[in-house]
Amino acid sequence: MPHTWKRAKVIPIFKKGSKSDIGNYRPISLLSIPSKILEHQVCDILNDHLSKHSLKNPPQWGFAKGLSAEGMFLSLTNRWKMELDKGLTVGAIFVDFRKAFDSLSHNILSLKLQAVGICGNLHERLMNYLSDRCQCTLVNGYISDLTLVQYGIPQGSLLGPRLYTIYVNSLPDAITLGMYLCMQTTLQYTV
């Protein structure tokens, strides 16, 4: 992948709360158009591969057609209601994985991709896509110097959600019930 396609301009998008708190902004990477076109093609290949081989963990509700946070919560609520009707106690823990895309390890992702059968040229190209990425930040018309990115996947990319889904695909095996958007996890236990 050409180095110019690996450069991103990061802009902060306000989420909520006080505008003076930097933690209330989400970084979005503005990527080149050719990079986005390539990402779109690779996303189709990844989606087809995961679907064809039934590799997406069923409790993983994130980034899937026809599934939503509302649907997951309805499913969870129904399951919890059935457990309560049996006289059992139900507890839930909700975890918000903030900065999840920013902290992803490329080495671990490489292993996860291989574990789901993404190898050879596609694997090499995906790892090349992530390696040697640079970004600068644009705030109020001021641009920072370019910085090498050694971890994470670009927020605002098309590939980011798919790669993150593969990265956390085995997480629902360690917990029960469901996960949505790979950033919200639910645990359930009965007593």
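The model is predicted, so local features are taken up at a pLDDT of at least 70 and side-chain atom pairs at pLDDT 80 or more, while totals for chains, interfaces and linings use all residues. Numbering starts from 1 along each chain as its sequence is written, and side-chain values rest on heavy atoms, with hydrogens and water left out.

Taken as a whole, the protein has six helices and eight strands; these are DSSP runs numbered from the N terminus (helices H or I, at least four residues; strands E, at least two). Read from the N terminus, the order is β-β-α-α-β-α-α-β-β-β-α-α-β-β. Of its 191 residues, 36% count as buried, where buried means under 20% relative accessible area, exposed means over 50%, and partly exposed lies in between (1.4 Å probe, protein chains only). The protein exposes about 11,400 Å², and carbon and sulfur atoms supply 58% of that; areas come from the Shrake-Rupley method with a 1.4 Å probe, and for residues only the protein chains shown count as cover. As for contacts (heavy atoms within 4.5 Å), 66% of those between residues at least 6 apart in sequence join residues at least 24 apart.

Helix α1 comes with 20 residues and reaches 29 Å from its first C-alpha to its last, close to the 28 Å expected at 1.5 Å a residue; the expected span is 1.5 Å times one less than the number of residues. Buried in α1 are S35, E39, V42, C43, L46, H49 and L50. Seen down the helix axis, these buried residues of α1 fall within an arc of 135°, so they line one face; the arc is taken from the directions from the axis to the C-beta atoms. An α-helix has 3.6 residues a turn, so residues three or four places apart point the same way. The buried residues of α1 pack against α4 and α5, while I33, I37, D48, S51 and K52 sit exposed on the face turned away from the buried side. Just after α1, S54 takes a positive phi of about 50°.

Helix α2 has 17 residues and reaches 24 Å end to end, C-alpha to C-alpha, close to the expected 24 Å. Its buried residues are A69, M72, L76, W80 and E83. Seen down the axis of α2, they fall within an arc of 65°, so they line one face of the helix. The face turned away carries the exposed residues E70, L74 and D85. R79 also belongs to α2 (residues 69-85), and it counts as partly exposed because its relative accessibility is 37%. G87, with a positive phi near 85°, follows α2.

The largest nonpolar core has 24 residues, of which L46, L113, L126, L159, L163 and Y164 touch the most other members. Such a core is a set of buried Ala, Val, Leu, Ile, Met, Phe, Trp, Tyr and Cys residues joined through side-chain atoms within 4.5 Å. Two or more residues each come from α1 (33-52), α3 (106-115), α4 (120-130) and α5 (159-167), with α5 giving the most, at five. Leaving aside residues up to four places away in sequence, L113 touches I118, H123, L126, M127, L163 and I166. S110, in helix α3, touches H123 and M127 on that basis; at 13% relative accessibility, S110 counts as buried.
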